[in-house]
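Hi everyone, thanks for coming. Today I'd like to talk about charged side chains and who pairs with whom. Let me put the structure up.

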Amino acid sequence: MNKLSIAIDMDEVIADPIDKFITLYQQDHGYNYTLDQMHGKEFGELLPAELTHTLREYINRKGFFRDLKPIPDAQETIAELHKKYDVYIVSAATEFPLSLEDKQAWLADHFPFISWTNIMFCGHKIVNTDIMIDDRTKNFAKFSGRKLLFTSPHNVTLTEYERVNTWKEVAEKLL
């Protein structure tokens, strides 16, 4: 029996860089940003002009992606999805070359049941799976399968895609 396949994004879907940004900007610059302030915005839009360059500097640091917190319920839900589907982690990680090793090690720690053969680090997400779970609609542009938009502050105002707000909702739809 052939299983259906799922492509799952990393950042803001299974790993939480926003929490780390909030921590870094509080610790390094004294700003106390909240998720409510981000409603409909990218994190960088909150920053004063003199700090906008720091966002990319943080992301391009070796180790930035290594200690991100997992999104709540992602580990348990993906473990269950893994039993029913062919699960692929697909991250546009090549934009940040120093992230590759960090992301692979992070996945090994938090999702050890996903084989290295099912991890794709790429630029454009030109994948041929049945389902894609992502927070960025640009990744759906050339994707012909079922598109599940995972809620993140920057995409909360979008309405043209099937939305999932939590991993519990993903479980309700797919398990």
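Let's start with D102, which has a relative accessibility of 4% and so counts as buried. Keep in mind that this is a predicted model.

Who is the partner of D102 in a salt bridge? That's K62, with N and O 3.1 Å apart. K62 sits in the loop between α2 (52-59) and β3 (69-70), while D102 is in helix α4, so this pair ties together parts 40 residues apart in sequence. K62 itself is partly exposed, at 47% relative accessibility.

Okay, staying with helix α4, which covers residues 99-110, we also find K103 there. Is K103 buried or exposed? K103 is buried, with a relative accessible area of 2%. Its side chain meets that of D11 in a salt bridge, 2.6 Å from N to O. D11 is in the loop between β1 and β2, 92 residues away from K103 in the chain. At 17% relative accessibility, D11 is buried too, because the cut-off is under 20%.

D9 forms a salt bridge with K125, and the closest N and O atoms are 2.7 Å apart.

Conventions. Residues numbered from 1 in each chain as written. Predicted model: local features only at pLDDT ≥ 70, side-chain atom pairs only at ≥ 80, totals over all residues. Heavy atoms only, no water. Salt bridge = Lys/Arg side-chain N within 4 Å of Asp/Glu carboxyl O. Helix = DSSP H or I, 4+ residues; strand = E, 2+ residues; numbered from the N terminus. Buried < 20%, exposed > 50% of the residue type's maximum accessible area, 1.4 Å probe, protein only.
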